[in-house]
Amino acid sequence: MSVFSLKILIVEDNLSFALELQMLLEELGYKVLGRVDNSTDAFRVIQQKQPDFILMDIDIKGNLSGIEIGNRIKHLEIPILYITSYSDRRHYEAAQASNMIGYMVKPVEKISLKTAIQLSISKAYTLKNQNSNTPRIENNIVHKNYFFFKRQDSFQK
């Protein structure tokens with residue numbers, strides 16, 4: 001695994017599912033920055049380690065939901081892919097109002113996760129650069145601070 005892999009934080013209170021996500025992400029070539037199961041630890045890790053991308057469950061331990069965390073960290077502009085068991089319109093619309101870049105309903109398969117992450121990363125950084133003169137080169141993305149390129153199945157920073 002490259003030291004330049006995107007750093008992904010997993011916020012999930014179901015340990016077995018969090019471990020499964022971590023395994024899938026590592027198979028896809030991504031670096032898992034950490035796994036947290038509650039809102040307090042999620043805030044701490046986000047502030048201290050500044051992930052490039054977050055996989056967030058909506059219903060987590062702690063005083064805040066995943067959506068509430070997303071709303072509170074919106075200013076950090078970290079793309080959030082919600083992975084949840086909620087498939088109703090109310091949760092989806094609430095997630096959309098936060099810093100959502102994607103929404104997946106559990107269970108998750110490797111190919112679906114791979115596709116969702118690639119589309120989410122591409123969308124997130126394309127939206128950031130939409131009003132600037134920063135180019136997007138084929139499968140690669142130029143951000144003001146980074147250059148993201150695809151290497152095998154994952155983006156590298």
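Of the 157 residues in the chain, 48% count as buried, where buried means under 20% relative accessible area, exposed over 50%, and partly exposed in between, using a 1.4 Å probe and protein chains only. The model is a predicted one, so to speak of a local feature takes a pLDDT of at least 70 and to count a side-chain atom pair takes pLDDT 80 or more, while totals for chains, interfaces and linings use all residues. Numbering starts from 1 along each chain as its sequence is written, and side-chain values use heavy atoms, with hydrogens and water left out.

Taking contact as heavy atoms within 4.5 Å, residues 24 or more positions apart account for 58% of the contacts with a separation of 6 or more. The secondary structure amounts to 5 helices and 9 strands, these being DSSP runs numbered from the N terminus (helices H or I, at least four residues; strands E, at least two). Read from the N terminus, the elements go β-α-β-α-β-α-β-α-β-α-β-β-β-β.

Now for the sheet. Five strands form an open sheet in the order S2-S1-S3-S4-S5, with parallel pairing; two strands pair if DSSP finds at least two bridges between them. Strand S2 (31-36) and strand S5 (100-105) sit at the edges, each pairing on one side only. Neighbouring strands are turned by 20° against each other on average, direction ignored, with axes fitted as lines to C-alpha atoms (for helices over the stretch in contact) and angles running from 0 to 180 degrees between N-to-C directions.

Strand S1 (residues 7-11) is joined to S2 by 5 bridges, and the two run parallel. Along this pairing, Ile 8 stands opposite Val 32, and Ile 10 has Arg 35 as its bridge partner. With S3, S1 pairs over 4 bridges, again in the parallel sense, and here Val 11 stands opposite Met 56. S1 is mostly covered, with 4 of its 5 residues buried.

Helices pack on this sheet too. Helix H1 (residues 15-27) lies across S1, S2, strand S3 (53-56) and strand S4 (80-84), running at about 175° to S2. Helix H2 (residues 39-49) touches S1, S2 and S3, and its direction makes about 170° with that of S1. S1, H1 and S2 together make a right-handed β-α-β unit: with the strands pointing away from the viewer, the path from the first strand over the helix to the second runs clockwise.

Two polar residues are worth a look. His 91 belongs to helix H4 (residues 89-97) and is buried, at a relative accessible area of 11%. Its side chain makes a polar contact with the side chain of Asp 88 at 2.8 Å; such a contact is a pair of N or O atoms within 3.5 Å, where within protein one must be able to donate a hydrogen and the other to accept it, and residues adjacent in sequence count only if both atoms are side-chain atoms. Not counting residues up to four places away in sequence, His 91 touches Ile 58, Ile 67, Tyr 86 and Tyr 103.

Ser 98 is found in the loop between H4 and S5 and is buried as well, with a relative accessible area of 5%. The Ser 98 side chain reaches the backbone oxygen of Ala 95 at 2.7 Å. Beyond its neighbours within four places in sequence, Ser 98 is in contact with Ile 67, Gly 70, Asn 71, Lys 74 and Tyr 82.
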